[in-house]
Amino acid sequence: AALSLYMTFSSIVSYDYSALDSDFMVDVSPYRALTMYEGICQSFGPAYAYLCLQLGIEAVSAGGLSADDTAHEWTLVRLDNSYFYMDPTFENGEGGRGLKYFGMTTADRVNAGNYIEQTFNIGECNQIWGPDITATDERFSTLRSVSYAELNRELNQIDCTDIDGTEWSFLLE
């Protein structure tokens with residue numbers, strides 16, 4: 001369910017570049033992402049977490065700083081007692097049809113954006129930090145190269161195309 005939701009959400013929301021360039025207060029709330037299908041990372045990370053929670057999937061917004069002090073927000077999801085980072089904003093920037101940023105380990109999250117684990121703020125509460133959460137399960141690592149994915153409900157799989165054009169399927173459990 002988390003994968004199907006991620007694919008759908010990433011493909012229908014649009015990044016609002018004007019919100020970053022505006023001198024005026026622009027709504028960047030998760031509500032805007034859910035109702036108008038647009039926003040920025042502050043919209044997408046919490047909105048995806050909210051949608052996961054509605055399906056009974058444990059999820060919370062998370063964010064941090066890159067090595068060049070750029071702030072970003074994404075989602076931390078718990079599946080089968082393992083934690084994974086998800087980034088619908090980065091996926092959206094890649095066209096919203098891939099899976100490169102789904103089910104990331106902490107190392108994947110750090111590498112995908114040059115983020116600093118010690119600055120990961122889990123739940124925006126300033127009490128749980130990146131080193132407090134262990135995200136090491138690599139079951140989704142084969143998805144890092146997927147540039148295009150399509151849900152195939154009939155065969156219960158995701159039909160994938162890698163960056164190099166190789167086509168393959170990821171079976172859903």
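Arg109 lies over the face of Phe90, at 5.1 Å from the ring centre. The charged end of Arg109 also sits over the ring of Trp74, 4.5 Å from its centre; a charge is taken to sit over a ring if NZ of Lys or CZ of Arg is within 6 Å of the ring centre and within 35 degrees of the ring normal. These and all other values come from a predicted model, in which local features need pLDDT of at least 70 and side-chain atom pairs count only at pLDDT 80 or more, whereas totals for chains, interfaces and linings use all residues. Residues are numbered from 1 along each chain as its sequence is written, and side-chain values use heavy atoms, with hydrogens and water left out.

Trp74 also has a place in the sheet, where Ala62 stands opposite Trp74 in β4. Four strands form this open sheet in the order β5-β4-β3-β6, with antiparallel pairing. Strands (E, at least two residues) and helices (H or I, at least four) are DSSP runs numbered from the N terminus, and two strands pair if DSSP finds at least two bridges between them. Strands β5 and β6 stand at the edges, each with a single partner strand, so one side of each is left without a neighbour in the sheet. Helix α4 packs on the sheet and touches β3, β4 and β5, contact meaning heavy atoms within 4.5 Å. The direction of α4 makes about 15° with that of β4; axes are lines fitted to C-alpha atoms, for helices over the stretch in contact, and angles run from 0 to 180 degrees between N-to-C directions.

Within the sheet, eight bridges join β3 to β4, which run antiparallel. Five bridges join β4 (residues 71-79) to β5, and these strands also run antiparallel. Arg78 stands opposite Tyr83 in β5. Strands β4 and β5 form a hairpin with two residues between them, and Asp80 in the turn has a positive phi of about 50°. Four of the five residues of β5 (residues 82-86) are buried, so this strand is largely enclosed by the rest of the structure. Here buried means under 20% relative accessible area, exposed over 50%, and partly exposed in between (1.4 Å probe, protein chains only).

The largest nonpolar core has 40 residues, and those with the most contacts inside it are Tyr48, Tyr85, Leu99 and Phe102. Such a core is a set of buried Ala, Val, Leu, Ile, Met, Phe, Trp, Tyr and Cys residues joined through side-chain atoms within 4.5 Å. Two or more residues are given to this core by each of α1 (2-12), α4 (41-54), β3 (58-65), β4, β5, β7 and β8 (157-162). The largest share, six residues, comes from α1. Eight of the eleven residues of α1 are buried, so this helix is largely enclosed by the rest of the structure. Among the buried residues of α1 are Leu3, Leu5, Tyr6, Met7 and Phe9.

A search of the whole structure finds 15 aromatic pairs. Rings of Phe, Tyr and Trp (its six-membered ring) pair if their centres lie within 6.5 Å; planes under 30 degrees apart count as stacked, over 60 as edge-to-face and the rest as tilted. The rings of Phe9 and Tyr48 have their centres 6.3 Å apart and their planes at 35°, so the pair is tilted. This pair links distant parts of the chain, with Phe9 in helix α1 and Tyr48 in helix α4, 39 residues apart. Both Phe9 and Tyr48 are buried. The rings of Tyr15 and Tyr17 have their centres 4.7 Å apart and their planes at 55°, so this pair is tilted. Tyr15 is partly exposed, with a relative accessible area of 21%, whereas Tyr17 counts as exposed at 55%. Ring pairs link Phe9, Tyr15, Tyr17 and Tyr48 into a cluster that also includes Tyr6, Phe44, Phe84, Phe102, Phe140 and Phe170.

The loop between β6 (121-122) and β7 (146-152) contains Ser141, which counts as partly exposed at 35% relative accessibility. Ser141 and Lys100 are 41 residues apart in sequence and 8.7 Å apart in space, C-alpha to C-alpha. Asp132 is found in the loop between β6 and β7 and counts as exposed at 52% relative accessibility. The C-alpha atoms of Asp132 and Gln118, 14 residues apart along the chain, are separated by 9.2 Å. Most residues other than glycine have a negative phi. In the loop between β6 and β7 lies Glu124, with a positive phi near 50°. Asn126 lies in the loop between β6 and β7, has a positive phi near 60°, and is exposed, with a relative accessible area of 52%.
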